[in-house]
Amino acid sequence: MSNLKMKEAALIYLDRSGGLQKFIDDCKYYNDSKQSYAVYRFNVLINPSDIVELDAELGNHILHQPLKAAQVFQSVCYIAVKTLSLIGQLQTETQINIVLKLTHLPPLPSYYLDLCEFPRDYTSQRFYTMQGIVIAMTTVTKYTQGARFLCSDEACPLSKGFQYIRVHVPGATESATVRNDFLCNLCSSSLQEDRKFRVLGDKQIVEIITAESLHAFQGYCNNQPFRFQSLTVFLRDESVNKMNIGNEYKVIGIPTCVKTSQTAVCVEANSITFCIPKVPSGISDNFRCLLSLTSSSCWKFTAILANIFASQIVPPGTYNLLKLCLLMSLVQTSDRNKELENFLDILIVTSDTLLIDRLLNFSISLVPRGIRHSVSTEIFPTVSRNKYGTGAVSIQAGSALLAKGGICFIGDLASHKKDKLEQLQSAVESRSITVYISGKKFGDDVDQQMTFPVQCSFWSFLDMDSPSRRNIQKTNMLIGQMDCSLIPANLVEAFALLINCSESSPCHPLLPTVQHTLKKAIDPEGLLYLASKQFTTEDFEKLLAFAKNLNVEFSLEAERMIHGYYLASRRIRTDSICGSKLSASALKYLVSLSEAHARLNLRNKVLKEDVLIAALLFETSLTLKYGAAVFCVAPNAVFPFEQYNEDYLEQRDVYLTECQQQLQQFIATYGPGTAIFASDE
């Protein structure tokens, strides 16, 4: 009676939810094909909340005994087929394969499988929710959805018909569905598969890790020991190719135990949802107050941010230019599943690699996808054999794809081999990476290739004092040009910003840095400055999280100015022999820099003041790459004075206003066809 009641409830739910009509439409497809199948597969969309409200017992079966619940729906669907004559070729109930697709699970701890906790439950055969980032995936292969077996004894009544049907169930291996040692229940003769009735489906295997595991890939952490392990997820049929490397997903599935060379806990995916992070509601009170106090200027707020940023690593007022660029690169990251185009790649030339390394490590820890590349791993995807023996090829993410929407810090650029640098240059220029899969090597008939978008910003540095650099010194340097002969010139040009933090630059204040280092050695955990207490690391995390989610648009005058500067700069850096020195990405970098400065000011509109900062930063970088030009910008143009008090900020505003007038004059002179007008005109 209990089973009958659940069948009635299942039929009522299918009718109310529209599932019955979808089932009838699917049956029509099978019936029109005029082909006899061993197995007819149907997906049934289940909303657990609605089911539990309709019939608690059936809801309990779906949540905790899904295989038994599927049998209830299988029986209901078989009766519907026979009653309504939906599929003329169908003979037995076992030919119907019902797959229950859940919309969600109850938001309770017992339904959540934490990837960081052990042991994991793989014996209850029920649904769990788990969440993780894809770090590896295989190519798509085939598996057996269902097969028909016949008794080998022709005299046996079961040597005909569809009495022996094998169907894949969650956790089952291929050998559990199809093998040659099955026996007839009636005469004990061996069963033989009728191969022409085998039904194949698509299968893909992915590996996920919890988002908390990314702390292992960040250089700056709280030194708390932890461990993590990837979880293998099996995708089948309509779920195949629904997950992309680097994205975070919420998966509903049934954990199982798979025997390989090592016993592993895996999950049969039932449904997949892309995870959308929550947008922060605002910033800290201290930053809100600071923003209000500096509202009269378009430049003061970001200047103070750069001044006090990372005071745990470097003293306030030092490395301001670099810190401003890092903050602007950080606000151009994204937690959303969208094409991230506004990258800000940064290459730093320095003689103090230890300090720069610490500063960059600290900075990447402020965003969810800040990845510190380890020399023992690969920057870009690699190909290997799949450990589950399915014949598929496994593609491992690499640091760049793992940093999707964030920052990939690759350390000292000169420490990478020539082929890796060429790969990096190609990825930075095209924003994609292609993986070649050799058919001969991996047992396939043809070679394959897969292309992945590279959606992160790259940070790196060059050591000015490296022995190899001292042996290769360029002699024909132009005024203002930086010697980067240690790496290919095309790679240097590919980076949006080249920043000089060597001893010859104004970014290298030696005495304050030495004093800071000595104080930190005495008190490593101490907060040495008032700024560290007023504006904490958590405050900066909230600020960046809020700023990067702002939607910004260009004002008309900002758009005119950015195009005018681009055309003028391109014109003066073009010669008849080499053509233009400005790459095709130059305009994109200028747009990104302008947007970043507006976001860092927590504004939704890009103003001409933002374009000025973008132009000064970009021109400084161009000078280091190619030497000074007509629009001559001082190395310390963005931070012309030492920052001590409010008077400095006023002087800086006056200086930047003069720079803005010079920029407009430059555009008017060298950018024909651009409409830049003075305010009085």
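Arginine 148 lies over the face of phenylalanine 162, 4.3 Å from the ring centre. The model is predicted, and it holds 20 aromatic pairs.

**Charges over rings**

**Aromatic pairs**
- Among the 20 aromatic pairs, phenylalanine 23 and phenylalanine 42 form a tilted one, with 4.7 Å centre to centre and 55 degrees between the planes.
- This pair links distant parts of the chain, 19 residues apart: phenylalanine 23 is in helix α2 (residues 19-33) and phenylalanine 42 in strand β1 (residues 40-46).
- Phenylalanine 23 has a relative accessible area of 6%, so it is buried; phenylalanine 42, at 1%, is also buried.
- Phenylalanine 309 and phenylalanine 362 form a tilted pair as well, 5.9 Å centre to centre with 55 degrees between the planes.
- Phenylalanine 309 lies in the loop between α8 (300-308) and α9, and phenylalanine 362 lies in helix α10 (residues 353-364), 53 residues apart.
- Phenylalanine 309 counts as buried because its relative accessibility is 1%, and phenylalanine 362 because its value is 2%.

**Aromatic cluster**
- Phe23, Tyr29, Tyr30, Tyr37, Tyr40 and Phe42 form one aromatic cluster.

**Helix contact**
- Helix α9 (residues 320-330) packs against helix α19 (residues 586-600) at an angle of about 90 degrees, with the axes 8 Å apart.
- The two helices are therefore roughly perpendicular.
- Leu324, Leu327 and Met328 of α9 make the contact with Leu593, Ala596, His597 and Leu600 of α19.
- Of the contact residues, six are nonpolar, one is polar and none is charged.

Technical notes. Residues are numbered from 1 along each chain as its sequence is written. This is a predicted model: local features need pLDDT of at least 70, side-chain atom pairs count only at pLDDT 80 or more; totals for chains, interfaces and linings use all residues. Side-chain values use heavy atoms; hydrogens and water are left out. Axes are lines fitted to C-alpha atoms, for helices over the stretch in contact, and angles run from 0 to 180 degrees between N-to-C directions. Helices (H or I, at least four residues) and strands (E, at least two) are DSSP runs, numbered from the N terminus. Angles under 35 degrees count as roughly parallel, over 145 as roughly antiparallel, 65 to 115 as roughly perpendicular and the rest as oblique. Contact means heavy atoms within 4.5 Å. Ala, Val, Leu, Ile, Met, Phe, Trp, Tyr, Cys and Pro count as nonpolar, Asp, Glu, Lys and Arg as charged, and the others, Gly among them, as polar. Rings of Phe, Tyr and Trp (its six-membered ring) pair if their centres lie within 6.5 Å; planes under 30 degrees apart count as stacked, over 60 as edge-to-face and the rest as tilted. Buried means under 20% relative accessible area, exposed over 50%, partly exposed in between (1.4 Å probe, protein chains only). A charge sits over a ring if NZ of Lys or CZ of Arg is within 6 Å of the ring centre and within 35 degrees of the ring normal.
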